[in-house]
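Good morning, colleagues. Please look at the model on the screen while I take you through a few of its features.

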Amino acid sequence: MKLITFELYKIFSKPRTYIAYGSILIIIFLIEFALKASGEEYLDFILNTFKDSFVLEGNILNGYMVSFIILQTLIIQMPLLVALVTGDLISGEASSGTIKILLTKPNSRSAIFFSKWISGELYTASIVMILGIISLLCGVLLFGIGDLMVLKSDGVEIIQSQDLIWRFGLTFCFAILGLSVVATLSMMISTYVDNSISPIILTMAIIILFTIIGTMDVPLFDFIRPYLFTTHMIIWKNMFDQQLDFLLIWKSSIVLIIHIIVFYWVGWYHFKHKDILN
Amino acid sequence: MHTSAISVKNLYKSYGHFEALHDLSIEVPKGKITGLLGPNGAGKSTLMRCILGLIKPTTGYINILNQSLVGNKHNIFKDIGCIIEKPDFYTYLTAKKNLELLAMISKSDQAISNIQKCIDLVGLTGREKDKVKTFSHGMKQRLGIAQCLIHDPEIIILDEPTTGLDPEGIIEFRQLIIRLRDEFKKTILLSSHILSEIEFVADHIIIINKGKLISQGNIMQLLNEEDMIIHLEVDDVSRCKAIIQETFGINVKSDDLFIQFKLNKNNIPSLVNTLVQHQIKIFRLDSKRGLEELYLNITTNI
């Protein structure tokens with residue numbers, strides 16, 4: 001517990017931690033302000049194709065809709081904000097030399113690694129929760145409540161407002177799970193390098209590569225796609241399907257948990273056995 | 001006879017084909033300052049890092065305070081404080097917060113209450129609330145020592161601790177080391193490439209080169225076994241040089257003013273007599289036991 005407190009204190013004393021929180025808050029306020037100012041025009045634009053087929057009534061641009069739009073926008077930036085901190089957890093200590101002090105205190109390397117991982121996970125959860133709570137709260141305060149209209153490639157789905165809070169809750173939990181994979185991956189890379197920039201760049205490079213493989217409709221990639229964590233990270237969007245596919249959600253959760261276990265084990269094993277030479 | 005605080009037996013460390021340590025066995029006596037000497041790349045840092053568990057030896061045994069390092073790191077590290085190469089801290093935190101955090105994970109009940117005492121001891125009183133990034137190298141070095149001491153360890157390991165310090169800082173550091181031995185009864189293992197520094201403070205020295213032990217023992221015993229370095233200032237350098245070479249059969253270096261040579265300390269009275277008999281006027285005679293000379297002899301004659 002003392003080690004976790006030690007790690008959390010360090011994380012929350014670094015300016016880079018607040019870059020993530022700051023950028024989330026700025027983006028939330030910008031989007032909400034922009035939608036408040038010209039939300040109707042934005043809605044007209046995205047609903048252009050359905051205008052002739054449906055009659056849309058009620059408070060369409062409500063707090064839930066705004067929060068849903070923010071989630072879609074920010075979920076792309078979140079891995080970077082996570083890697084910014086978790087990629088620095090071990091390599092940052094190696095580059096500054098503090099790893100030597102840390103490892104010569106009476107704590108096992110396994111305990112140190114675990115405490116860093118837990119602290120990274122808590123940080124990850126905190127940025128998702130801040131994103132979720134602030135966007136929902138501000139959205140509801142500024143735009144009120146109403147049913148959520150979700151645009152799909154094959155039509156529109158309307159989720160009733162009383163059905164939305166738990167769906168948002170489930171989405172945040174799933175986002176935390178998906179970003180935990182990113183956090184564990186960047187921490188694993190962090191054990192192999194002695195500077196804090198490489199884990200961030202490598203993590204983002206892997207996510208971009210996997211996303212490209214996942215979205216390109218090439219038969220060769222069909223075999224790999226189900227095993228990529230990026231394929232499963234975006235399953236949160238399925239929380240806003242009228243009928244939830246629980247089997248798909250469970251399968252994706254298991255794939256993500258397996259990724260976390262593998263990345264954790266590789267990182268832990270390397271950290272436990274690595275010689276501290278710098 | 002002192003009991004050993006640190007005992008290393010048959011230590012090997014290889015990186016691929018490169019052998020950084022080769023069958024190294026050393027003893028660090030309790031309550032003394034032990035100087036670890038060796039040229040760059042001799043394996044000093046590797047040895048210290050092996051002792052501190054930062055590097056895993058290929059084979060060999062390390063016993064600290066009568067416990068094997070393998071399987072007892074937790075117990076052992078409660079009794080060790082160290083600075084490896086340079087004192088590294090969380091520069092975005094204050095000096096005191098650094099010490100508080102490190103005390104928190106040092107598993108020592110008195111560590112937190114020792115913080116102010118250690119800050120006072122190293123002379124950082126009044127600066128403890130400043131961020132470490134504003135500290136000079138010398139101040140960081142002092143903070144490093146405070147960090148070593150907060151959990152009141154029995155052994156202090158310092159790897160090249162005076163690197164980057166100014167002469168005043170080196171003198172202060174040296175005084176602090178001696179105080180830690182004399183007042184606080186600490187065992188100190190100190191590596192340095194500044195030989196005179198080791199000579200000033202160490203009771204015991206270990207010399208290694210190319211990963212192998214060259215010599216170890218009490219510093220006075222090691223130095224007594226060697227010849228003295230004699231510096232002579234006389235009225236007739238060339239005649240004096242010839243007399244010394246003829247009488248003692250040794251190599252003598254000279255310039256226009258001085259003569260320098262090695263001589264066993266028991267022959268110094270005879271040297272003076274001989275020169276007086278030959279009516280050589282002696283203006284100055286210096287004799288010193290040099291660790292530098294010993295060190296160079298040992299490391300170059302292997």
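This is a predicted model: local features need pLDDT of at least 70, side-chain atom pairs count only at pLDDT 80 or more; totals for chains, interfaces and linings use all residues.

B:I229 has B:K288 as its bridge partner, and B:K288 belongs to strand 14 of chain B. The pairing of strand 11, residues 228-234, with strand 14 of chain B is antiparallel and extends over six bridges. These two strands of chain B belong to an open sheet of four strands, ordered 12-13-11-14, with antiparallel pairing. At the edges lie strand 12 (253-254) and strand 14 (282-288) of chain B, each of which pairs on one side only.

Which strands of chain B does helix 9 lie across? Helix 9 of chain B, residues 237-248, lies across strand 11, strand 12 and strand 13 (258-263), and runs at about 15 degrees to strand 13.

Let me turn to chain A. A:F229 is found in helix 11 of chain A, residues 229-233. Is this residue, A:F229, buried or exposed? A:F229 is buried, because 23 other C-beta atoms lie within 10 Å, and the threshold for that class is 20 or more. Beyond its neighbours within four places in sequence, A:F229 is in contact with A:V181, A:F210, A:V255, A:L256 and A:H259.

Finally, the interface. On chain B, 25 residues are in contact with 20 residues of chain A. Helix 2 (73-77), strand 6 (80-84) and helix 3 (95-104) of chain B are the elements that contribute two or more residues to the side touching chain A. By class, that side of chain B comprises 15 nonpolar, four polar and six charged residues.

Conventions: Residues are numbered from 1 along each chain as its sequence is written. Chains are lettered from A and ligands numbered from 1 in the order in which they are written. Two residues are in contact if their C-beta atoms, placed from the backbone, lie within 7 Å. Ala, Val, Leu, Ile, Met, Phe, Trp, Tyr, Cys and Pro count as nonpolar, Asp, Glu, Lys and Arg as charged, and the others, Gly among them, as polar. A residue is buried if 20 or more other C-beta atoms lie within 10 Å of its own, exposed if 12 or fewer, and partly exposed in between; C-beta atoms are placed from the backbone. Two strands pair if DSSP finds at least two bridges between them. Axes are lines fitted to C-alpha atoms, for helices over the stretch in contact, and angles run from 0 to 180 degrees between N-to-C directions.
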